[in-house]
Protein chains: 2
Amino acid sequence: MRDVIEEACPLTEVIDHVAGKWSIGVLVAAAHGPVRFTELERAINGISRRMLTLTLRKLERDGLLCRTVYPTVPPKVEYTLTAMAQELHETLRSLTDWAERHRGNIAAAQKHYDAAERQ
Amino acid sequence: MRDVIEEACPLTEVIDHVAGKWSIGVLVAAAHGPVRFTELERAINGISRRMLTLTLRKLERDGLLCRTVYPTVPPKVEYTLTAMAQELHETLRSLTDWAERHRGNIAAAQKHYDAAERQ
DNA sequence: CTGCATCCAACGGGATACTG
DNA sequence: CAGTATCCCGTTGGATGCAG
């Protein structure tokens with residue numbers, strides 16, 4: 001069998017861009033237009049300021065998020081998905097569909113597996 | 001804005017199933033038929049026995065992988081994707097496409113971002 | 001051949017406090 | 001408002017050795 005890592009490489013790259021605990025949340029929250037820092041903080045339940053900042057920086061670095069600073073007082077910063085990220089967001093819909101079709105099966109499989117182990 | 005976590009939930013679930021460092025590799029390696037433990041170990045470059053085992057168990061628990069033991073000497077174990085996992089594997093193709101279309105842009109964005117930071 | 005057990009290092013991520 | 005700085009801990013994953 002061929003080296004599978006090389007074959008799967010582009011796939012793992014995508015995953016890495018969104019694999020953080022909060023990346024998907026930001027992606028979804030910013031999908032329908034520009035969002036401000038505090039809006040994100042409220043929309044993404046449980047995220048800390050620190051993690052929000054880190055996630056935003058990472059997504060910005062990857063070219064998925066566009067950061068616009070308005071030099072006002074108090075400061076105002078808006079985050080927008082890039083075209084690339086919009087496309088990704090739509091692509092991810094098929095994954096959501098898969099998840100919704102099979103989440104029941106998965107839960108059942110896990111339950112069954114755990115029951116068998118405990119014996 | 002609504003609670004985004006809830007909305008993105010099924011999506012993060014899928015990611016979790018595949019987010020391990022090696023899960024995708026196993027998924028791809030097993031996509032074209034049953035594979036044995038040692039085959040996987042060789043196909044997935046750099047994986048340790050420990051991590052291979054852990055990854056296999058996790059995928060099996062999630063109902064993505066089917067484990068068949070042949071009670072021979074020496075032992076022989078085959079891993080096969082379940083129908084659900086096959087479906088997932090095909091769904092992931094669209095992600096691969098996205099990655100291949102944009103990996104250049106992403107690399108450029110990162111380079112640009114890093115250059116701007118270093119000033 | 002196919003694992004499991006143990007030890008250990010690195011990293012992600014939470015809590016908290018401070019700032020332009 | 002939109003961050004940055006520190007500290008700290010749990011989890012992930014690598015290395016190695018043993019076993020059915």
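Q: How many salt bridges are there between chain B and chain A?

A: This is a predicted model, and in it the count between chain B and chain A comes to 6 salt bridges. One of the salt bridges joins the side chains of Asp114(A) and Arg61(B), with a distance of 2.4 Å from N to O.

Q: Which number tells me how much area chain B and chain A bury between them?

A: The general idea is that the size of an interface is often given as the accessible area lost when the parts come together. Here chain B and chain A bury about 4900 Å² between them, and 71% of that area lies on carbon and sulfur atoms. The contact draws on 51 residues from chain A and 51 residues from chain B.

Q: How many residue pairs are in polar contact across the interface of chain B and chain A?

A: Across this interface the rule finds 18 residue pairs in polar contact, counting those in which both residues have pLDDT 80 or more.

Q: How many disulfides does the structure hold over all chains?

A: In general, a disulfide is a covalent bond between the sulfur atoms of two cysteines. Over all chains, this structure holds 0 disulfides.

Q: Why does Cys66(B) count as partly exposed?

A: Cys66(B) counts as partly exposed because its relative accessibility is 39%, and Cys66(A), with a relative accessible area of 37%, is partly exposed.

Technical notes
Residues numbered from 1 in each chain as written. Chains lettered and ligands numbered in written order. Predicted model: local features only at pLDDT ≥ 70, side-chain atom pairs only at ≥ 80, totals over all residues. Heavy atoms only, no water. Disulfide = S-S within 2.5 Å. Buried < 20%, exposed > 50% of the residue type's maximum accessible area, 1.4 Å probe, protein only. Contact = heavy atoms within 4.5 Å. Buried area = accessible area lost by both parts, 1.4 Å probe. Salt bridge = Lys/Arg side-chain N within 4 Å of Asp/Glu carboxyl O. Polar contact = N/O pair within 3.5 Å; in protein donor to acceptor, adjacent residues only side chain to side chain.
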